[in-house]
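Please look through the structure shown here, and then follow the questions and answers below.

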Amino acid sequence: MVSLPNKQNYRSKIISGTVFAALLIAGMALLPQTAGAGSGFGPGTALHAHGEGGGTAYWLKESAVYALRALYYGMLLVTTGHMLTFLAVSPGERGARQREWMGKWSGPMAKALLLVVLLHVFVQSNRVAAGLQGGFEDWLRVFTLTSSGQAWLVMVGLAAFGLIVARLPDAIKAVWALLLIATESLIGHPAASDELTVAVLSDFIHLACSSMWVSGVVLLLLFWRYDRKEAGRFAETFSGIAWLMIAILVITGAIMAWLLLPDLSALWRGVWGRWLMGKTAVVLLVIGIGAALRRSARHGELPRGSLLKLDGILMGALLIIVAVFTTISPAPASHPVNYHRMGNDLHYTLKIEPNAPGPNDVELQIWLPEDKGEPASIGMVIIPQKKPSAAVNIELESRPPGIDIPFPGYNEFRFVAKKTELSGAGNWKARFTVRLGDGTELEREFDLKLGY
């Protein structure tokens with residue numbers, strides 16, 4: 001049997017440390033609902049308060065929410081990857097001792113995961129319910145009428161089942177881990193992509209590979225701490241897997257970025273894109289460390305402790321980045337469209353507000369020469385450049401003209417479409433056609449950016 005050096009009770013340390021950190025963070029995350037008047041918060045305070053009303057309590061709360069998300073992603077990836085790694089470690093003589101260690105660590109990991117999932121779901125659902133009225137009926141609606149709430153319930157159920165999964169065969173461990181990862185994939189940014197199947201599948205593969213890499217780093221650190229001989233053996237196994245996982249992570253990450261970003265400029269124009277570039281920089285450092293660890297493993301040398309610790313630090317940095325940028329929209333901040341062009345036979349102004357995925361108000365003002373009379377008809381279509389087949393026909397209705405911009409010698413005509421549903425931030429093309437009384441058609445077309 002495996003025994004711990006110095007009789008350290010690692011189970012108690014893992015569980016008690018996680019319990020303390022998670023409860024402390026969760027308590028801070030609930031500050032807006034519990035802080036007194038002196039903090040600037042009250043029962044009716046908006047969830048995302050800004051400015052001077054936020055104060056210290058607001059920033060503590062927001063920092064705690066991100067910390068809890070980082071802890072949630074960390075425990076999710078560590079535990080699911082741990083269970084998947086059993087498939088990679090031979091049950092024979094060479095891997096017997098590693099599997100014995102891993103079996104002992106499985107229980108504390110599963111208990112810590114259940115605790116963190118419960119706290120994460122409670123805090124996230126509380127934020128959603130607080131945005132409504134915060135009563136029991138609103139909580140019920142969150143878990144029964146929203147896809148996120150339903151996925152959270154499934155996540156809690158799977159996490160609870162994890163308490164016994166460590167004693168089950170490797171295949172069941174792997175299925176349990178993949179189900180958890182699949183559930184998380186269904187409630188992230190990829191689930192809102194126009195290319196739903198490709199985006200969610202890419203995210204699922206990305207999370208699965210991330211879990212294998214994260215758990216591999218954690219296991220290396222644990223083996224290094226408790227069994228140096230097995231650390232060297234596990235490094236040989238993990239180094240080959242890590243390179244494959246990183247290669248797949250790069251490919252799936254690129255696919256999701258292409259699907260989620262409106263265009264390449266969003267990488268530096270939007271907050272999400274800048275966080276993604278930060279994540280990419282950290283991944284490049286991880287690749288460099290992985291190359292050094294692989295070189296040591298190929299020469300039969302023990303991995304250097306300094307490299308393992310640096311790998312662990314970078315893993316933590318990645319989890320923090322993921323916790324932040326999974327809460328940010330991939331599109332830069334949106335601004336209403338107000339596009340005006342002049343011409344001898346036609347002036348026009350197009351307004352789209354708020355210029356974001358979802359319901360939008362569209363207004364088209366045109367000015368025709370007085371001798372042309374009124375337009376016989378007008379048609380308009382807005383076309384997403386990534387997917388022209390998803391073009392949206394705009395049902396324009398005539399309205400009395402405004403008095404914003406009078407042009408001598410021209411008559412103004414105004415058309416409006418309320419609550420027009422537009423989906424998918426990115427590059428779009430607007431096209432409208434004005435048919436005059438004599439049968440002449442005037443067509444105009446221009447590019448616009450929806451969502452930013």
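Q: How far apart are the end C-alpha atoms of helix 7?
A: Helices here are DSSP runs of H or I with at least four residues, and strands are runs of E with at least two, numbered from the N terminus. The expected span is 1.5 Å times one less than the number of residues, so the 16 residues of helix 7 should span 22 Å. This agrees with the model, where the end C-alpha atoms are 23 Å apart.

Q: What kind of model is this, and how are residues numbered?
A: This is a predicted model, in which local features need pLDDT of at least 70 and side-chain atom pairs count only at pLDDT 80 or more, while totals for chains, interfaces and linings use all residues. Side-chain values use heavy atoms, with hydrogens and water left out, and residues are numbered along each chain as its sequence is written, from 1.

Q: Are helix 6 and helix 7 roughly parallel or roughly antiparallel?
A: Axes are lines fitted to C-alpha atoms, for helices over the stretch in contact, with angles from 0 to 180 degrees between N-to-C directions. The axes of helix 6 (residues 147–165) and helix 7 (residues 170–185) come within 10 Å and cross at roughly 160°. Angles under 35 degrees count as roughly parallel, over 145 as roughly antiparallel, 65 to 115 as roughly perpendicular and the rest as oblique. Helix 6 and helix 7 are therefore roughly antiparallel.

Q: Is G290 buried or exposed?
A: G290 is found in helix 11 (residues 271–298). Buried means under 20% relative accessible area, exposed over 50% and partly exposed in between, using a 1.4 Å probe and protein chains only. With a relative accessible area of 17%, G290 is buried.
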